[in-house]
Amino acid sequence: MKTGKLAKTFRVESGKHFRLKDFDPADTGHWKSKDHATEALVEGIARTAELQDRLYAQNNWALLLIFQAMDAAGKDGAIKHVMSGVNPQGCQVYSFKAPSEVELQHDFLWRTTRDLPERGHIGIFNRSYYEEVLVVRVHPEILKSQKTPPSLVGKKIWEERFEDIRCFERHMARSGTVIRKFFLHVSKKEQKNRFLERLEQPEKNWKFSAGDVRERACWDDYQEAYGDMIRNTATEHAPWYVVPADNKWFTRLVISTVIVDTLESLDLQYPKVDAAKRKELDAAKKGLLKE
Ligand code: ATP
Ligand code: MG
C-alpha cells in the first residue's frame with residue numbers, strides 16, 4: 001500500500017489554527033494493522049538508506065530530526081527503527097538529559113548546537129532545546145537553577161524562548177540544515193499500559209523510573225505546554241509532525257514516510273565526474289589492470 005499523503009496529514013507548519021486535541025493518538029489512517037504496514041515499513045527503511053548514501057556523497061545538506069514526547073511514547077524504539085537501515089558513519093543520535101553544571105554556564109541553545117549534524121549527515125536529537133519550553137515550563141523552579149540574570153527572566157520568558165528557537169531554526173534552514181520535528185502523541189491511557197508493562201516485565205524494569213510517574217501527574221500541564229510549543233514554533237522550514245503514538249507500528253510508518261519524503265524533496269545527486277576526474281579514474285583503472 002502506498003504511503004502517499006501520510007506525512008502531510010500530520011504536518012503542522014503554521015500555528016494559526018493548531019489545537020492538539022484535534023489529533024487522535026490512536027489514529028492509524030486507513031492502515032488496519034502492523035501486518036498491513038510491514039511492506040511499507042521495509043520499503044521506507046530501504047529507501048532511507050539509498051537516499052542517505054546520496055546525502056552523504058553530495059555533502060551539501062544536513063538533516064536534523066528532533067524527537068519530543070511524554071515518557072514511554074516510543075521515542076527510543078522509533079529512533080532505533082529509523083537507524084536500522086542507515087550507514088552509522090553518516091548518522092548520529094544525541095540524547096539530552098537534564099543539563100550539567102558546565103552546560104548551565106551557557107545559554108540554553110549552546111549544548112545542542114555542539115551536536116548539530118555536519119553537511120551530508122543525519123543528526124537525531126532524542127529530546128532537545130525544546131525541553132526548555134516543556135519540562136522547564138511545567139516546573140518553573142528549574143528556571144532558578146539556570147543562572148540567567150534574574151532581571152532577564154520576566155513574564156515573557158516563554159514567548160522569548162519561542163522567538164529565539166524560531167530564529168535559530170530559520171538560521172539553520174538558511175545554511176542548509178533541514179529540520180523535521182516529531183511530537184509522538186501518546187494517550188494517557190496508553191502511557192499507563194506501557195508503564196505497567198515496564199513494571200511487570202523484568203527485562204523492561206530498567207526503563208522505568210519513579211520520576212516518570214511524577215511527570216505523569218503533570219499530564220495536563222505538559223499537554224498544554226506541548227500545544228503551545230507547536231503553535232509557536234511550527235514553520236514551513238521546520239514543521240512539527242504530530243505523530244499518533246498509541247500504535248508503535250503506525251508511529252514508525254509515519255516517521256519513516258516523513259524522512260523519505262523530506263530526503264526526496266532535496267533532489268540529492270551523486271557528485272558529477274568532470275573530464276579531469278574521468279581521466280584520473282581511467283588512468284587508475286589502467287594501472288590496476290596492468291598489475
Ligand atoms: P527518556 O525518558 O528520554 O527515554 P531516560 O529515561 O534515559 O530518557 P531521563 O533520565 O529520563 O533519561 O532523562 C531525561 C530527563 O531529562 C527528562 O525528564 C527531561 O525532561 C530532562 N531534561 C532534558 N533536558 C532538560 C533541560 N533542558 N532542563 C531540565 N531537564 C531536562
Ligand atoms: Mg525517562
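These legends go with close-up views of a predicted model.

**View 1. Helices α8 and α11 cross each other.** Start with two helices: α8 covers residues 157–174, and α11 covers residues 219–233. Their axes come within 9 Å and cross at roughly 45 degrees. Angles from 35 to 65 degrees fall between roughly parallel and roughly perpendicular, so α8 and α11 are called oblique to each other. As for handedness, the crossing of this pair is right-handed.

**View 2. Here's where α8 and α11 meet, residue by residue.** On the α8 side, look for Phe162, Ile165, Arg166 and Glu169. Over on α11, their counterparts are Asp228, Met229, Asn232 and Thr233.

**View 3. Six strands line up in an open sheet.** Walk across the sheet and you'll pass β1, β6, β5, β2, β4 and β3, in that order. The pairing is mixed. Strands of a sheet pair through backbone hydrogen bonds, either parallel or antiparallel. At the edges sit β1 (11–12) and β3 (91–95), each pairing on one side only.

**View 4. Zoom in on β1 and its neighbour β6.** Strand β6 spans residues 240–244 and runs antiparallel to β1. Two bridges join these strands. Pick out Val12 and you can find its bridge partner in β6, Trp240.

**View 5. Helix α12 packs on the sheet.**

Terms used. Residues are numbered from 1 along each chain as its sequence is written. Chains are lettered from A and ligands numbered from 1 in the order in which they are written. This is a predicted model: local features need pLDDT of at least 70, side-chain atom pairs count only at pLDDT 80 or more; totals for chains, interfaces and linings use all residues. Side-chain values use heavy atoms; hydrogens and water are left out. Axes are lines fitted to C-alpha atoms, for helices over the stretch in contact, and angles run from 0 to 180 degrees between N-to-C directions. Helices (H or I, at least four residues) and strands (E, at least two) are DSSP runs, numbered from the N terminus. Angles under 35 degrees count as roughly parallel, over 145 as roughly antiparallel, 65 to 115 as roughly perpendicular and the rest as oblique. A crossing is left-handed if the near helix is turned anticlockwise from the far one by less than a right angle, and right-handed if clockwise. Contact means heavy atoms within 4.5 Å. Two strands pair if DSSP finds at least two bridges between them.
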